[in-house]
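Please look over the model shown here. A short report follows it.

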Amino acid sequence: LYGEYKKCENISIGHVWGGYDFDDHTIKKPNFNAKKAGEILSEAGYSIIGNDGIRKNEKGERASFELLYSNASHTERLTILKEQAKKAGVDLQLKMMQQGMFNAVLNRRHQAWFGGMTTYYYPTYWQSFSSKNADTIPSNNFYGYKSAEMDKLIEVERTSSDLAELSENCKAIQRLVDKEALIIPDYYLDFARAGMWKWVRF
C-alpha cells in the first residue's frame, strides 16, 4: 500500500545468527497473473465463469474460500487482495475475528488465514511441518501436513547443534515449503516509524 510494502518471497526473513544466514534468498514467488491463474483454475475444473465473474465447476461449486484475519487494520490491504482475486475469478470472502481466530486455526476450523508466527534466533519448523503433529488437534501443523522428505529435514533440526548444518537444513525446509505451496508469503516493511512530541530530546 502506498508504495511502502515489499514483496516477501520466502516464509522466513531476517534470520542471521552466529555468522550464518538461515534464509534461502533464491526462492522467488511469481508475480500475480490473472490469465495464468485462470488457466490453472480451469485445469482444476473451474472452467465456467458465472454472471458475477466468479468461476465454478460443472457441479456448480464456486471458486470461493473464506480468509480469516484478526485486526481491522488489515481490512484495507486484504480488500485489495480480494479485488485482485476477482480478476482470476475467485471469490475471497474476508472474515474478521477479533476474538478466537487463532483458536479456530489451531483447531483447523478454517479454510485460510492471514497472520504470522514468531520464531527463535533462527527458524525451527518441527511444530509446523512434522508428520507427528499432522493428526494432532490442536497443533501448529495447521495443514495436517505429512511428508517423509520433510521429516528427514526436521530430524536434522531436532538433533544437530552445528550452525552451518542447521543453516543449510533450514534453507532446504524453506525450499520444500515453497515447492508444496503450504504458505503464501505476503509482505514486509523494511522500516519503522516513530513519533514524539517536539520537546523530547535524545
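Is Glu155 buried, partly exposed or exposed? Glu155 is partly exposed, because its relative accessible area is 45%, and partly exposed lies between buried (under 20% relative accessible area) and exposed (over 50%), with a 1.4 Å probe and protein chains only. This residue is found in helix 5. Val105 is 50 residues from Glu155 in sequence and 25 Å from it in space, C-alpha to C-alpha.

This is a predicted model, in which local features need pLDDT of at least 70 and side-chain atom pairs count only at pLDDT 80 or more, while totals for chains, interfaces and linings use all residues. Residues are numbered from 1 along each chain as its sequence is written, and side-chain values use heavy atoms, leaving out hydrogens and water.

Now the whole chain. The protein chain has six helices and nine strands. These are DSSP runs numbered from the N terminus: helices are H or I with at least four residues, strands are E with at least two. Of contacts (heavy atoms within 4.5 Å) between residues at least 6 apart in sequence, 64% join residues at least 24 apart.

| Property of the protein chain | Value |
|---|---|
| Box filled by C-alpha atoms, along the principal axes | roughly 60 × 55 × 35 Å |
| Buried share of the 202 residues | 33% |
| Distance between mean positions of the 27 positive and 26 negative charges | 6 Å |

For the charges, Lys and Arg count as positive and Asp and Glu as negative, without His and the chain ends. Each is placed at NZ of Lys, CZ of Arg, CG of Asp or CD of Glu.

Next, the nonpolar cores. A nonpolar core is a set of buried Ala, Val, Leu, Ile, Met, Phe, Trp, Tyr and Cys residues joined through side-chain atoms within 4.5 Å. The largest has 15 residues; Tyr125, Phe129, Tyr145, Met150, Ile173 and Val177 touch the most other members. Helix 5 (148-159) and helix 6 (163-180) are the elements that give two or more residues to this core. Helix 6 supplies the largest share, six residues. Another core lies apart from it, with ten residues, including Leu41, Ala63, Leu78 and Val90.

Finally, Asn140. It sits in the loop between helix 4 (126-129) and helix 5. Why does Asn140 count as buried? Asn140 counts as buried because its relative accessibility is 16%. Its side chain makes a polar contact with the side chain of Gln127 at 2.8 Å. Such a contact is a pair of N or O atoms within 3.5 Å; within protein, one must be able to donate a hydrogen and the other to accept it, and residues adjacent in sequence count only if both atoms are side-chain atoms.
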